[in-house]
Amino acid sequence: METISENACFGGTQGVYSHASQSCACDMTFGLFMPEEAQDGPVPLLWYLSGLTCTHENAMTKAGAQAWAAEHGIALVFPDTSPRGEGVADDDAYDLGQGAGFYVDATQAPWAAHFRMWDYVTEELPKLLGEKFALDMTRQGITGHSMGGHGALTMAMALPGRFRSVSAFAPISNPTASDWGRKQLGAYLGPDESTWVAHDATLLMQEKGFDGPILIDTGTDDQFVDLLKPEALAHAIATRRQQATLRMQPGYDHSYFFVSTFMEEHVAFHADALYA
């Protein structure tokens, strides 16, 4: 693992690191904020999964999460959204290829060689973090924005016991029924739609639910709301009688202005679960 940068941040350290990933068969970069409390022992960890076109850097610099994580003594990890580099498959469209890994393990050419973001985020990176940093991996929460909200919700439901809490900002909630989903799932996983089910938060909610609290915010003026399909997930949550708070925030769009506005509440929500 290589240290790219480390900066003092709200009493702790905001670092950026790279390493050779076996899952993605390329070098991967991630951001990690460690609060001051980590100097005295392991601290809880909150994952932030970013959306389409993002790198590790977008949320790290725009979401304003470190101030609130420092207040609660929580570490934050910001993984990249896809493999990158020469020899890694890509597409001219912004919503497929590099920057658009969709948090799945691709099975189709040309993507299968590198696009294994599910394995990277759920297996390889947690193992690395647990070995290299003062983190209490028994206390984890997960959140994300847009495509990252999709990833956070699906991982939380598919991995019972891994995360104590899950939240999302404007998540892609029903990708098997949306152009933000059908295109990517078809490309990465192939035409057999039965393989897509494990990566649809609405369908997972119907089948599994989540053993813990859920918080979801979406803006009423989100320009992509028809692609996000919050109503589908809301219906599944209501039908299952799942513990959850879903909020439509008046006047907010899909931007990081929206994310940063409600970040304090999301970090506090996770802190309640991580320190329970």
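The questions and answers below go through the pockets, helix packing and backbone of a predicted model.

Q: How much space lies in the largest pocket?
A: In this predicted model, the largest pocket has a lining that includes Y94, H145, W180 and F224. The space that lies in this pocket comes to about 200 Å³.

Q: How do the residues lining the largest pocket divide into nonpolar, polar and charged?
A: Among the residues that line the largest pocket are L52 and C54, and cysteine and leucine both count as nonpolar. Also in the lining are G51 and S146, and here glycine counts as polar. Taken as a whole, the lining divides into six nonpolar, six polar and no charged residues.

Q: Which residue has a positive phi although it is not a glycine?
A: The residue in question is found in the loop between β4 (43–49) and α1 (57–62), and it is also one of the residues that line the largest pocket. Its phi is about 80 degrees, and the residue is T53.

Q: Why is α3 oblique to α4?
A: Helix α3 covers residues 117–132 and helix α4 covers residues 147–158, and their axes lie 12 Å apart. An angle counts as roughly parallel under 35 degrees and as roughly perpendicular from 65 to 115 degrees. The pair is called oblique because of the angle at which the two helices pack, which is about 60 degrees.

Q: Is the crossing of α3 and α4 left-handed or right-handed?
A: The contact is made by M117, W118, V121 and T122 of α3 together with T154, M155 and A158 of α4. By class, these contact residues divide into five nonpolar, two polar and no charged. The crossing of the two helices is right-handed.

Q: Which helix gives the largest share of the lining of the largest cavity?
A: The largest cavity holds about 30 Å³ of space, and its lining is made up of W47, V121, T122, P126, I142, M155, R162 and F163. By class, this lining has six nonpolar, one polar and one charged residues. The largest share of it, three residues, comes from α3.

Q: How many cavities of 30 Å³ or more does the structure hold?
A: Rolling a probe the size of a water molecule over the atoms shows where empty space is left. For cavities of 30 Å³ or more, the number that this structure holds is one.

Q: Where does P110 lie?
A: The peptide bond that leads from A109 to P110 is cis, with omega near 0 degrees. As for its place in the chain, P110 lies in the loop between β5 (75–79) and α3.

Notes:
Residues numbered from 1 in each chain as written. Predicted model: local features only at pLDDT ≥ 70, side-chain atom pairs only at ≥ 80, totals over all residues. Heavy atoms only, no water. 1 Å grid on protein atoms, 1.4 Å probe; cavity = no way out; pocket = protein on both sides within 12 Å on 5 of 7 lines; lining within 4 Å. Points joined across faces, edges and corners; volume = space filled by probe spheres on them. Axes fitted to C-alpha atoms, helices over the stretch in contact; angles between N-to-C directions. Helix = DSSP H or I, 4+ residues; strand = E, 2+ residues; numbered from the N terminus. Parallel < 35°, antiparallel > 145°, perpendicular 65-115°, else oblique. Left-handed = near helix turned anticlockwise from the far one by under 90°. Contact = heavy atoms within 4.5 Å.
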